[in-house]
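Please look over the sequence and the model first.

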Amino acid sequence: MRLSVAEATELGRSALERVGYGGEDAAIIVDQLVDNSLCGYRFAGLPRILAIAGDEKTRSNRTPVRVVHETPVSALLDGGNNVGYIAAYRAAEVAIRKARTAGMASVGAYNSYYSGRNAYFVEKIVREGLVAFHASSAYPRVLPPGGARPMLGTNPICFGFPSDEGPVIFDMGTASFMWGEVMLHAHLREPLPQGVGFDEHGNPSRDATAVLKGGVAPFGGHKGYGLSFAIQALGLLAGAALGKGQVRDYGFLFWVVDPNVMLPGGEFPHQMSEYVRQIKATPRQPGVDEIRIPSERARRERERRRKEGIVVERKVVESLRAL
């Protein structure tokens, strides 16, 4: 089904209200979900509400996100069992305020879950003229090489830089297949690609429902595994173990820098634009139309889909309306 931004927003908002998120919280969640869809990430859009609705944490008590430890350049936030779309959003707001005042900031949030697409938060920060690094550790869904049980989260990592032409964002998960995509494939009864999933016994499987009981492989073999391992460790710095005493859990970490603390003349955005220009001017191989930079595809998709609408599977729409 093709929905306008307004229609998708209303569908998401009403579904979230029925699972317990209303008002400003629902607006924060839906704004990201719709933007994810606009940028071409179907699994990270409205289908995520089905995951939120089915998570036991959604049915548990929630408290407002609050700062539990703070210095002039850092803060640690208790997410209050709110979904990560809200907890990470509040952490990004704190990081922006502190970096504006002190020139840099380190902010973490814990006691939360699903935070969605890291690029959404990083773009928000970069639009304030700041450089951002964001890493998210998560509940174990990824098997280490040779392992038969998931021990790592899908653990995305994101970098963002201001330029004269707008934010330049690089965002990637360290899993070979993101967990939201596994959940969507299971809901739609679609097989997974070969070689990414494992069942609960550690056996390779393309059955998404079976993989939900097992896990997925890291991307890129030992290199992706090593990066995922490091991001899980950074989650500890964000307080991941403080919620339930588990060292492998959700932790959202932001490191933000005002580029003027390093380049007081304000040259960074101009230099970043020149860097991008040079990359795009790379001599191309035969048959290659252009050299793209990270986030360029998503920006183009966003503009196109604002005009053409967002495509959402009919089964997903029906499931959201049935909540």
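Leaving out neighbours within four places in sequence, Ala 88 is in contact with Ser 115, Phe 121, Phe 252 and Phe 254, where contact means heavy atoms within 4.5 Å. This is a predicted model, in which local features need pLDDT of at least 70 and side-chain atom pairs count only at pLDDT 80 or more, while totals for chains, interfaces and linings use all residues. Residues are numbered from 1 along each chain as its sequence is written, and side-chain values use heavy atoms, with hydrogens and water left out.

Ala 88 belongs to helix H4 (residues 84–102). Helices (H or I, at least four residues) and strands (E, at least two) are DSSP runs, numbered from the N terminus. Ala 88 has a relative accessible area of 0% and is buried. Buried means under 20% relative accessible area, exposed means over 50%, and partly exposed lies in between (1.4 Å probe, protein chains only). Ala 88 and Val 131 are 43 residues apart along the chain, and their C-alpha atoms are separated by 17 Å.

**Aromatic pairs**

Rings of Phe, Tyr and Trp (its six-membered ring) pair if their centres lie within 6.5 Å; planes under 30 degrees apart count as stacked, over 60 as edge-to-face and the rest as tilted. The count by this rule is eight aromatic pairs. Two of them are given in the table.

| Pair | Centre to centre | Angle between planes | Type |
|---|---|---|---|
| Tyr 120 and Phe 121 | 5.7 Å | 85 degrees | edge-to-face |
| Phe 121 and Phe 254 | 6.3 Å | 90 degrees | edge-to-face |

Phe 121 lies in helix H5 (residues 118–126) and Phe 254 in strand E10 (residues 251–257), so their pair ties together parts that are 133 residues apart in sequence. Tyr 120 and Phe 121 are buried, and Phe 254 is buried as well. Tyr 120, Phe 121 and Phe 254 form one aromatic cluster.

**Charges over rings**

A charge sits over a ring if NZ of Lys or CZ of Arg is within 6 Å of the ring centre and within 35 degrees of the ring normal. The charged end of Arg 48 is placed in this way over the ring of Tyr 114, 4.5 Å from its centre. For Arg 62 the ring is that of Tyr 21, with the charged end 3.9 Å from the ring centre.

**The largest pocket**

On a 1 Å grid over the protein atoms alone, a pocket is an open set of points where a 1.4 Å probe fits, with protein on both sides within 12 Å along at least five of seven lines; lining residues have an atom within 4 Å of a point. Grid points are joined across faces, edges and corners, and a volume is the space filled by probe spheres set on the points. The largest pocket has a volume of about 780 Å³. It is lined by 39 residues, of which Phe 43, Gly 116, Arg 117, Asn 118 and Asp 171 are the closest to its centre. Elements that give two or more residues to this lining are H5, strand E5 (131–137), strand E7 (168–172), helix H6 (179–188) and helix H10 (296–308). H10 supplies the largest share, five residues.

The lining divides into 20 nonpolar, nine polar and 10 charged residues. Here Ala, Val, Leu, Ile, Met, Phe, Trp, Tyr, Cys and Pro count as nonpolar, Asp, Glu, Lys and Arg as charged, and the others, Gly among them, as polar.

Among the buried residues are Trp 179, Val 182 and His 185. Their cover includes helix H3 (47–54), helix H7 (208–211), strand E9 (215–216) and helix H11 (314–321).

Most residues other than glycine have a negative phi. Arg 189, which follows H6, has a positive phi of about 60 degrees although it is not a glycine. Arg 189 is found in the loop between H6 and strand E8 (197–198) and is exposed, with a relative accessible area of 75%. Gly 197 lies in strand E8 and counts as buried at 2% relative accessibility.
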